[in-house]
Amino acid sequence: MRVLGIESSCDETGVAIYDTDAGLLGQALYSQVEMHARFGGVVPELASRDHVQRVLPLVKQVMAEAGTTPDQLDGIAYTAGPGLAGALLVGAGVARSLAFGWGIPAVEVHHMEGHLLAPLLEPDAPAFPFVALLVSGGHTLLLEARSLGDYAILGESVDDAAGEAFDKAAKMMGLGYPGGPRIAALAEKGTPGRFRFPRPMTDRPGLDMSFSGLKTFTLNTINDLGGKEVLSEQDQADIALAFEEAAVDTLVIKCRRAVEQTGDKRLVMAGGVSANRALRAKLAEQMEKRGVQVFYPAPQYCTDNGAMIAFAGALRLQAGESAALPIKVRPRWPLTELASL
């Protein structure tokens, strides 16, 4: 089965073609980061307008790269949620129009299921069941994946997502957007032990997480030093290190509890924050001690991309799913509402 995937949930337009026999045949990604950086974060209306300009040229580009004509496609997968309503509607409208015109089925894909399944694109793919940490700018949650579509939420952030907290901490220091990569780069130059930030909700049982307290502690630390205007580069690096260490420890502690609770010996980590090297290193160290294998997507599949949508869509199309009229998007869409296949 050969499937065209379209991702447009937020600030990246991703298109890819996945073949269940031959694998990934072509992909392209356009990031809006430079456009949104001027405003310190994503502007939904600008995101939607940019998707309108990018989707069809990227579809043509990927079709040519993959050497694929419309009559060779067996279906089109698109992100139907969660995400920004306007951005989702662009991808959904284009995908459904092409599917109708080409006489092939379309299938809705849950954005977070795309991230969850992205490590299955790798040669050393995890088998079900496994525990998954999905950690990005918009979501942070722990779940047990028993089979395709059969997901049990174990814990989630009760306030900010981890990636959102990274972005806001960076903004407090005047580092710009997106903040995650900037915090990680600065942290490598930080002085260990100068600051110690709290590890929220790790002193109580359970798998829920919180990152709003880390933001408050970061702001108080900056103010104690005289404000962001007077921070030296070393101050920024030391704060970045303390913030990253606290966020990483929080996520790792919760993952450790999750595998102990479920007894699973496989852990998947996916989403934009999964590219953080400190998090990968700490998680690998802790899971190795417990005999747990850790799986990640390749770096290009950590952020939003069309490949994960094409892959997830191919699995659902193979199982007989297809999208019905009318065209709908779901800006809020719990993973637990997906059909188990």
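These are my notebook entries on one predicted model.

**Overall build**

I began with secondary structure. The chain carries 10 helices and 10 strands. Next I looked up its dimensions. The C-alpha trace spans about 65 × 45 × 30 Å along its principal axes. I then checked the radius of gyration. The chain has 20 Å, which agrees with the value near 20 Å for a compact globule, given 341 residues.

I turned to burial. Of the 341 residues, 54% are buried.

**Surface and charge**

The chain exposes about 14100 Å². Carbon and sulfur atoms supply 52% of that area. For charge, I noted 31 positive and 40 negative side chains. The centres of the two sets lie 3 Å apart.

**Nonpolar cores**

Which residues touch the most other members of the largest nonpolar core? I found L143 and Y151, in a core of 61 residues. Helix α10 gives this core its largest share, 8 residues. There is also a second, separate core of 45 residues. Its members include L175, L214, V273 and L279.

I listed the neighbours of Y151, leaving out residues up to four places away in sequence. Among them are E113, L116, L117, L143 and E144. Y151 also touches L335, T336 and L338.

**L335**

Is L335 buried or exposed? L335 counts as buried because its relative accessibility is 5%, and the cut-off for buried is under 20%. Beyond four places in sequence, L335 touches H110, M112, E113, L134, L141, L143 and Y151.

**Backbone details**

I looked for cis peptide bonds. One joins G81 and P82, with omega about -15°. P82 sits in the loop between β4 (75-81) and α3 (85-102). Another joins L325 and P326, with omega about -5°.

Last, I checked M201. M201 is not a glycine, yet its phi is positive, about 60°. M201 is in the loop between α6 (179-187) and α7 (212-224). At 17% relative accessibility, M201 counts as buried.

Definitions and conventions
Residues are numbered from 1 along each chain as its sequence is written. This is a predicted model: local features need pLDDT of at least 70, side-chain atom pairs count only at pLDDT 80 or more; totals for chains, interfaces and linings use all residues. Side-chain values use heavy atoms; hydrogens and water are left out. Helices (H or I, at least four residues) and strands (E, at least two) are DSSP runs, numbered from the N terminus. The radius of gyration is taken over C-alpha atoms; the globule rule is 2.2 Å times the number of residues to the power 0.38. Buried means under 20% relative accessible area, exposed over 50%, partly exposed in between (1.4 Å probe, protein chains only). Accessible areas come from the Shrake-Rupley method with a 1.4 Å probe; for residues, only the protein chains shown count as cover. Lys and Arg count as positive and Asp and Glu as negative; His and the chain ends are not counted. The place of a charge is taken as NZ of Lys, CZ of Arg, CG of Asp or CD of Glu. Contact means heavy atoms within 4.5 Å. A nonpolar core is a set of buried Ala, Val, Leu, Ile, Met, Phe, Trp, Tyr and Cys residues joined through side-chain atoms within 4.5 Å.
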